[in-house]
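Please look at the model shown below.

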Amino acid sequence: MAGLKLAYWPGCVSRGFTTELHGSMALVAERLGIELVELDRANCSGAGVIAEHNQELADTLNARTFALAQQTGAPMMNICSTCQGAQSECQQRLDADSGYRAHINETLAAEGLSYDPDGFSNKNFLWVLVEDYGLDKLKAEVKRPLEGLKVGPFYGCYILRPKHRLGYDERPDRDLYLEQLIEALGGEVVEYDGARKCCGFPIITMAREVSLRQAGTHVGDALDAGADCLVTPCPLCHLNLDMQQPEAAKIVNRDLELAVLHLPQLVGLALGFEPKQLGMGRHIASTEWVQERLAAPAPA
Amino acid sequence: MAAYTLKVRRFQPESGDGPYWETFDVELDPTLSVLDGLLQAKDRDDGSLAVRCSCRAAICGSCGVKINGQSALACKTQIGEAKEIANRRDGGSEPIVVEPMGNMPVIKDLVTDMESTHWTKIRRVTPWLLPEGDPPEREYIVPPESMIDITQSMACIQCGACVSSCLSMEADPDFIGPAALAKAYRFVGDPRDAETEERLHDLANDPHGIYDCTHCFSCIDACPKGVAPMDQIMRLRRKATAGYEIDDHNNGMRHEHAFVKIIESKGTLDESLLLQESFAPGLKGKLAPRPGAIKGLIESIPTAIRGLRSGKMRSLPKLIPGIHPKLPGDAQDNVRRIYAHAEDHSVELNLYIRGEEAEEDAPVPEAEAVPAAAIEPEPDEGGG
Ligand code: SF4
Ligand code: SF4
Ligand code: SF4
Ligand code: SF4
Ligand code: FES
């Protein structure tokens, strides 16, 4: 069958602090026969901060990204919950009003670009896997089922809320996809309180303690529920849950050591890639436990 | 008629016992509300079941509860729909879970004490008009379009569902919170109010104020009236930073300015630079950190060093700024051009007023796209 071809927006964080995400995404896509056309001329989604500063600026910058994606003729994909949310917010305004859209497109015209809402789609890798690639097909590709691995899902707010804007009216199960995916890969879902809460990242420079208390609480809850690791489709959540984990531990006053995997890393492990290929040595919270678990003989 | 099971979290303070779950079987039409179900259980099974309600029509704001974990009005949630959501958990015969609102002390069963977590905070933001001088002899005269901006925040019925859902409040009970901050915007955005800057100063510098909101969207999904409290908080931030340039102690303005500036010059985000710039801006002009900023920078150093050691960070903040690659070719120039255009006149499209349904080929009516001039601070219009 013809493979999936996608206009790929990797986001900034996956090329800065979390290069392991970008790398593992490339490996996984290739293995699954997904062709990624990287949007290397595109700009940051603004992560909600630019929209907070100036809405027209954020809308124009993201319309630019959408238009660049449309030039490739393929649907767009991102690998960051925050990009998904920030871009969907702008898309909602652009799609709602043709007069406003014309005004924005006028600014884009100098670069030979124009955004046309007709048929445009932008999905996080998680949504692509479940809705377009298909979990059954993915299951068939699994070489190393994640048997015995207890995985706590962590979605990131921007891919969950607001529901209406993020297409939950048509796809009400989008807030269950991580659980479905973990099971499809042969892993065990760990239920804990924080799966759909906020990691606190947006206020890390403004209200540090409140931010880290959120991250620390969720990591602690997942540990208490027996998780071997967390998995997240959001690199910004990864920053607060993994990179800041030692600081968060101080704020919540307990020891924390829990691996936090990027979504393509978890998929990559099941596809048979080695942890090293997936950049798992670049995390702050050790991923060794995950590796040991997977190396151990499968429970009878 | 259909049969439903309600699983209710109950609590009676006089019993001396902790909270417990009790299930009630009810029978009613799927289009009736969860509140109707609760009242039927109270009527037929246990008259001691405590639930607060009055209008039963989503007007009075009394009946806030959590239904299947989601904060909502019991009278505005259809029991048939609540059942469908409950079923998603197990695909089968799951009960509808009803709990008292979160982030608030429980008085009895589903009745919470909203005094300390809601009303005190509402009073905290001075929820009345502070005009300059004596009131005019007759009514205040204001152009209708200048009030459009605050209609959304005026729709609030004080039900507390947003407070119940607030994720920052879970981590910081002192956070002023979504309902009170939405109320604050109702007066900050009101052209008759003369204390706009003072209000913003207060909310920007309070450590539990506008920069304590973690942008989690929970309050937007919880609100039964479309107030979108988070959007009002973002408007408060926009007024405080772009409007009045309030250099707050929480580093809110500096963080925002640094982020916006970095994208202008680099196109994508360089996180090390963001850390450096938001605490000690030097990208343009002199390095001028405030005392609070230095503390922030020092607090982030252990993280930075760990990042450097694991190969996550390419540079220690401030040591080698500017190695983050720019966009290729003329792409960055185009980003700059967009900035030059948008920073100039900033159109704001408000979907609450505009409506979301695409109305093809209709031009943007003037009053709906609020030009920057309307959101910029203006000299007092106290109307006195
Ligand atoms: S949300 Fe993060 S990854 Fe996405 S564009 Fe913004 S800074 Fe980059
Ligand atoms: S959890 Fe935090 S960083 Fe992650 S998407 Fe939500 S707000 Fe953003
Ligand atoms: S967006 Fe802000 S105010 Fe609203 S629930 Fe989240 S933290 Fe609270
Ligand atoms: S903003 Fe909405 S949810 Fe919050 S108190 Fe007002 S009506 Fe209720
Ligand atoms: S009873 Fe009045 S809002 Fe529900």
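## Ligand 2

Ligand 2 lies between chains A and B. Of the 14 residues around ligand 2, the nearest are Cys157(A), Tyr158(A), Cys198(A), Cys199(A) and Cys237(A); a residue counts as near if one of its heavy atoms lies within 4 Å. The shell has ten nonpolar, four polar and no charged residues. In this scheme Ala, Val, Leu, Ile, Met, Phe, Trp, Tyr, Cys and Pro are nonpolar, Asp, Glu, Lys and Arg are charged, and the others, Gly among them, are polar.

This is a predicted model, in which local features need pLDDT of at least 70 and side-chain atom pairs count only at pLDDT 80 or more, while totals for chains, interfaces and linings use all residues. Residues are numbered from 1 along each chain as its sequence is written, chains are lettered from A and ligands numbered from 1 in the order in which they are written, and side-chain values use heavy atoms, without hydrogens and water.

Ligand 3 is surrounded by 13 residues, the closest being Cys166(B), Cys213(B), Thr214(B), Cys216(B) and Cys219(B). Helix H9 (218-222) and helix H10 (229-243) of chain B each give two or more residues to this shell; helices are DSSP runs of H or I with at least four residues, and strands are E runs of at least two, numbered from the N terminus. The shell around ligand 3 divides into nine nonpolar, four polar and no charged residues.

Around ligand 4, the residues include Cys156(B), Cys159(B), Cys162(B) and Cys223(B), together with Pro224(B) and Pro229(B). By class, the shell around ligand 4 holds ten nonpolar, two polar and no charged residues.

## Strands of chain A

Strand S1 (residues 5-9) of chain A has four of its five residues buried, so it is largely enclosed by the rest of the structure. Buried means under 20% relative accessible area, exposed over 50%, and partly exposed in between, with a 1.4 Å probe and protein chains only.

S1(A) pairs in the parallel sense with strand S2 (residues 35-38) of chain A over four bridges; pairing requires at least two DSSP bridges. In S2(A), Glu35(A) is the bridge partner of Lys5(A). S1(A) also runs parallel to strand S3 (residues 76-78) of chain A, joined by three bridges. There, Met77(A) is the bridge partner of Tyr8(A).

## A loop in chain B

Gly69(B) is in the loop between strand S3 (64-67) and strand S4 (70-73) of chain B. Its relative accessibility is 47%, so Gly69(B) counts as partly exposed. The C-alpha atoms of Gly69(B) and Ala86(B) are separated by 9.7 Å, and the two residues are 17 residues apart along the chain.
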